Amino acid sequence: MLNISGIHEGFVLDHIKAGESMTIYRDLHLDNLGSDCTIAMIMNAKSNKMGRKDIIKIECPIESVDLDILGFIDHNITCNIVKDDVIVEKRALSLPHEIKNVISCKNPRCISTVEQELDQIFILTDEENEVYRCKYCEEKYTGTK
Amino acid sequence: MRHLMSPLDFSREELEQLMDLADDIKNHPDSYSEKCHGKKLATCFYEPSTRTRLSFEAAMLNLGGSVLGFSSADSSSASKGESVSDTIRVISSYADICAMRHPKEGAPLVASQRSRIPVINAGDGGHQHPTQTLTDLFTIRSLRGEIKDLTIGLCGDLKFGRTVHSLINALVRYPGIKFVLISPEELRVPEYIREDVLDKKGYEYKEVDSLDDVMGELDILYMTRVQRERFFNEEDYIRLKDFFILTPEKMQLAKKDMMVLHPLPRVNEISVDVDDDPRAMYFTQAQYGVYVRMALILTLLELV
């Protein structure tokens, strides 16, 4: 059994679909956190609920990670916020209204494919059907999350 | 400061005010001949356009203003790799208002985010063409009295035809509008129009591939050109370009007060023999486009 200690301040992202933690690491831009932040990725752990799952523990000031995008990636993820060694909040995930620089537009006619330094922005246009469209050309995002 | 990216940027009430102003300009052009004295319009056209660009320029000149600009990407700094964001920041220092056409969808929106002057989307790829829509609405209102209880046939390239997308978006805000979408299967309206606009809001529409079958139902027939520049594949363009051609024979199937509109330019989708039919209103429509653009310039420059 692999043991990873608890964290003093930060996040524990639990019930991540097995194999998805690297994607989340990238989409949350965890590689850009400061050098004093510690990240533990537990992959393919046993889970009564899911069979196998991934877990990410992030030791960092809680204001330094924007978790909104998690709702887009998978709103079944459990997000625990830890402060002073205790869980102070279990955050419910919902679909963010706007997604910035996580997914990109596949429409070859879209300005975002050529304009330098342009943020890739998608807007939630249909919450019921979880439809996101490019802010610029309104092309529907059809890629896998 | 306001921009115009989509016909939906204006509420229905604001559209009515704009069309009232266009109507007044049409009836009293002399009263508006100096309204923009000392103001400059920049026409930033990254792809060829005769009608829209000249219509904007005529509108500004009719208002006593001046125009400057470029008419293709080759004659702008875009050919040197300049971004739209940088171009508009520079143009903001030269002019008071900008009309932008760009082959990339969303380019005028990007410009508006960096601009210090109002930006008008004069057509972005296959996406939106709001001033054509304002022209279409104004033409329908002027010739029909009001925009209400109409069966509107949209014919031709409904997939890449941005005028069609903008027009549908605008018309769904009026009561009693039914759409008949006439196109080959390959050129049907994109799913975001079908799903997010028509299906979602429960509008009455049907998709057909025969013009003859539906001619008698229509109050307005909006013809469009199959545009070569929207195709990546020349073979597809050649196969589809002559799918619908409006002829005097087809016009015989139409109601006596039916109206034929076309954003122009046409290639061969409307036979020249139809031009003398009193129901052919596309040249009147082009004239009305100048009045609408005059009203829009005055509104965005807050000179009303």
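This is a predicted model: local features need pLDDT of at least 70, side-chain atom pairs count only at pLDDT 80 or more; totals for chains, interfaces and linings use all residues.
1. Turning to the contact between the chains, 14 residues of chain B are in contact with 16 residues of chain A. On the side of chain B that touches chain A, two or more residues come from each of helix H3 (84-94), helix H4 (107-114) and helix H7 (191-199) of chain B, and H4(B) provides the largest share, with 3 residues. Sorted by class, this side of chain B holds 5 nonpolar, 6 polar and 3 charged residues.

2. Chain B is also divided into two domains, and here domain 1 is written as 7-128 + 289-300, while domain 2 is given as 131-286. The C-alpha centres of domain 1 of chain B and domain 2 of chain B lie 25 Å apart.

3. Within chain B, 19 residues of domain 1 are in contact with 20 residues of domain 2. The side of domain 1 of chain B that touches domain 2 of chain B receives at least two residues from each of helix H1 (12-27), strand S4 (119-124) and helix H11 (282-300) of chain B, and the largest share, 6 residues, belongs to H1(B). By class, that side of domain 1 of chain B consists of 10 nonpolar, 5 polar and 4 charged residues.

Definitions and conventions: Residues are numbered from 1 along each chain as its sequence is written. Chains are lettered from A and ligands numbered from 1 in the order in which they are written. Two residues are in contact if their C-beta atoms, placed from the backbone, lie within 7 Å. Helices (H or I, at least four residues) and strands (E, at least two) are DSSP runs, numbered from the N terminus. Ala, Val, Leu, Ile, Met, Phe, Trp, Tyr, Cys and Pro count as nonpolar, Asp, Glu, Lys and Arg as charged, and the others, Gly among them, as polar. Domain bounds come from an automatic or database domain assignment.
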